[in-house]
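Subject: Handing over a structure

Dear colleague,

I am passing a structure on to you, and below it I have set down what was found. Please read the notes with the structure open beside them.

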Amino acid sequence: MPTDVVSALREAIRTIPDFPKSGILFKDITPILGNAELLNRAVDLLAAPYKYSGITKVVGVESRGFILAPLLAQKLNAGFVPVRKQGKLPFETHYVEYDLEYGKDIIEMHIDAVKPIDRVLIHDDLIATGGTANAVDLLVARSGAYLVGFSFLVELLALNGRGQLRSGVQAHAVLSV
């Protein structure tokens, strides 16, 4: 493993062509997840910009965002809030329909998961077009909470997702590809 952790993380990500649809280059982070050292270092790098931001909730996006968001929440001494696809949460929800780079989807969050007193960090494993992150931002805004920032393990630069995020809100990606 290279001594530079960012290089090691970059080398660990596999690119799977035509998944989940033809023309998509899927970035597979499971090799990072399977390596304890890389996983710990990735979480450290995700948390670093927000360490002193007073985050009270980390909102993680189904499904791969669920893997790192609780670890990030633990590192920041914050709670974890799941955002799931429609029909997967058992309590009353807010929902948003949004565009993906390869279709449409609907996500939901419990109406009581985030409160106006919360300082929120939105985490997903990857930002592509920014559609999912924007949709989660809308859910958080409905709660009245303060959005501190966005956190991503991987940013796909060619799709300019960062440019679609709310202006003035910090966005941090560990890896840009």
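The side chain of Arg64 places a polar atom 2.6 Å from the backbone oxygen of Lys27, and a polar contact of 2.5 Å joins the side chains of Arg64 and Asp125. A polar contact here is a pair of N or O atoms within 3.5 Å, where, within protein, one must be able to donate a hydrogen and the other to accept it, and where residues adjacent in sequence count only if both atoms are side-chain atoms. Arg64 itself lies in the loop between S3 and helix H4 (65-75), and it counts as buried because its relative accessibility is 19% (buried means under 20% relative accessible area, exposed over 50%, partly exposed in between, with a 1.4 Å probe and protein chains only). Leaving aside neighbours within four places in sequence, the residues in contact with Arg64 (heavy atoms within 4.5 Å) include Phe26, Asp28 and Leu126.

Before going further, please note that this is a predicted model, in which local features need pLDDT of at least 70 and side-chain atom pairs count only at pLDDT 80 or more, while totals for chains, interfaces and linings use all residues. Residues are numbered from 1 along each chain as its sequence is written, and side-chain values use heavy atoms, with hydrogens and water left out.

The count of salt bridges comes to seven, a salt bridge being a side-chain nitrogen of Lys or Arg within 4 Å of a carboxyl oxygen of Asp or Glu. One of them joins Asp28 to Arg14, with the closest N and O atoms 2.8 Å apart; this pair links distant parts of the chain, Asp28 being in strand S2 (residues 25-28) and Arg14 in strand S1 (residues 14-17), 14 residues apart. Asp28 is buried, at 9% relative accessible area, whereas Arg14 is partly exposed at 42%. Another salt bridge is formed by Arg166 and Asp137, at 2.5 Å from N to O, and it connects the loop between S8 and S9 with helix H5, 29 residues apart. Here Arg166 counts as partly exposed at 37% relative accessibility, while Asp137 is buried at 8%.

As for the strands and helices (DSSP runs numbered from the N terminus, helices being H or I of at least four residues and strands E of at least two), seven strands form an open sheet with mixed pairing, in the order S5-S6-S4-S3-S7-S8-S9. Two strands pair if DSSP finds at least two bridges between them.

With kind regards
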